[in-house]
Amino acid sequence: MRLLFLACLRAHTGNATTAQRIKGHLEAAGHEVELRDAAGLQSPVEVGMLIAQKKFEAALAIHLYKAGRFLLGNKIPFGAVFGGTDINEDVKNEEKYRIMGDVLADARFAVAFTCKMKDVAAKHWPQAKYKIHIQSQGILTMPNVSFHCEAFLHNAGVQQNAGNLHIFLLICGLRKVKDPLFLVDAFAEWHEREPNVYLVIIGPMVDQLFTNEVKAKLRNIDGVCFIGEIAQADLQAFVKKCFAVVNSSVSEGMSAALLEAGETKSGIGANWIAPGEAMDLEVPVLARDIPGNSAIIKHEDTGLLFSTPQEFVQLSKRLISEPDLKKKIIYNAKQYIRTYHSWKLERETYQYLVQNLTNE
């Protein structure tokens, strides 16, 4: 089947890595998939001309508003995947809300990543409840690789002779929604009292103005370091060597911060390991208590949730001083990922849904 796939493909974002992974699933089933960046589109008419020109038989969109709206009125069977900000943020805008309702009405199916996401969508659009499928994002980590992180830590200013070193790793593209500065002041105060704890921020400089703000802040901060992009294989190995992975985002509507590893075996989504993949790599996770995170993490069971920087420090100290708590979280998180975030099941689900698009 010739399939048009619309998604926002801004580098190092959740929609982009998820789109690449789903594209791989569909191509493995023999479909011809053309992935287009919704951010570069102007209107449904433009998409209609593209559909006619390339003779697409069906379509798929990630994010009801940013991508799904371009399929309206084009008389092509399509499915939609909730992007996160559509269900958490765009519903607050009356015009966007109306358009997303139209997209759901025309879509043959919709996919939500969590039960909570489906419940929220069903409250907004009860008539579409029957067509919303729940499919958690799949996790596929790389096999063990050889990696020495000492050079990275040295270059970042980490004093590796500081006794029993504890590295907390915050992985994100530098942009405001990821809020990497949320914990900085509290962590610096903790580091001043306990020099063996460090917060290391790793990720690409997505927003240059915000990156400059982050770098300026960190110039006068001890105990918090920034490392730019590193190879995906190195990043996974780095995660395995750290004490815990941290997420401090303001919003993670598509469970992105937790489950967007990307198709790591092919290098897609470099510098995008998130706590969900850390859970699979048997590293404990501390995440900000927001809907996208709490939908995945159960506090003190599969991870730790915090609301304030002070609470983060308190929970981190518990994780250090209570090895049984750490072992429990690592074990339960690993079992959760294996049970609910099967890469194989995700592949089978999208292949089934798309295969049946033209059968209705």
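Helices here are DSSP runs of H or I with at least four residues, strands are runs of E with at least two, and both are numbered from the N terminus. Buried stands for under 20% relative accessible area, exposed for over 50%, and partly exposed for what lies in between (1.4 Å probe, protein chains only). This is a predicted model, with local features needing pLDDT of at least 70 and side-chain atom pairs counting only at pLDDT 80 or more, while totals for chains, interfaces and linings use all residues. Residues are numbered from 1 along each chain as its sequence is written, and side-chain values use heavy atoms, with hydrogens and water left out.

The buried residues of α4 are I99, M100, G101, V103 and L104. The helix itself takes in residues 94-106, 13 residues in total, and spans 19 Å from its first C-alpha to its last, close to the 18 Å expected at 1.5 Å a residue (that is, 1.5 Å times one less than the number of residues). Where α4 starts, N93 puts a side-chain oxygen within 3.1 Å of the backbone nitrogen of E95.

Next comes a helix pair. The axes of α7 (residues 184-193) and α13 (residues 309-321) come within 9 Å and cross at roughly 40°, which makes α7 oblique to α13. Axes are lines fitted to C-alpha atoms, for helices over the stretch in contact, with angles from 0 to 180 degrees between N-to-C directions; under 35 degrees is roughly parallel, over 145 roughly antiparallel, 65 to 115 roughly perpendicular, and the rest oblique. On the α7 side, A186, F187, W190 and R193 make the contact (heavy atoms within 4.5 Å), and they meet P309, F312, V313, S316, K317 and I320 of α13.

P309 also turns up in relation to R288: their C-alpha atoms, 21 residues apart along the chain, are separated by 9.3 Å. R288 sits in strand β11 (residues 285-288) and is buried, at 14% relative accessible area. Neighbours within four places in sequence aside, R288 touches D179, F182, N247, S248, S249, V250, N293, L305 and F306.

V206, by comparison, lies in the loop between β8 (197-202) and α8 (208-219). It is partly exposed, with a relative accessible area of 22%. Its C-alpha is 9.9 Å from that of K176, 30 residues away in sequence.

Technical notes
Polar contact = N/O pair within 3.5 Å; in protein donor to acceptor, adjacent residues only side chain to side chain.
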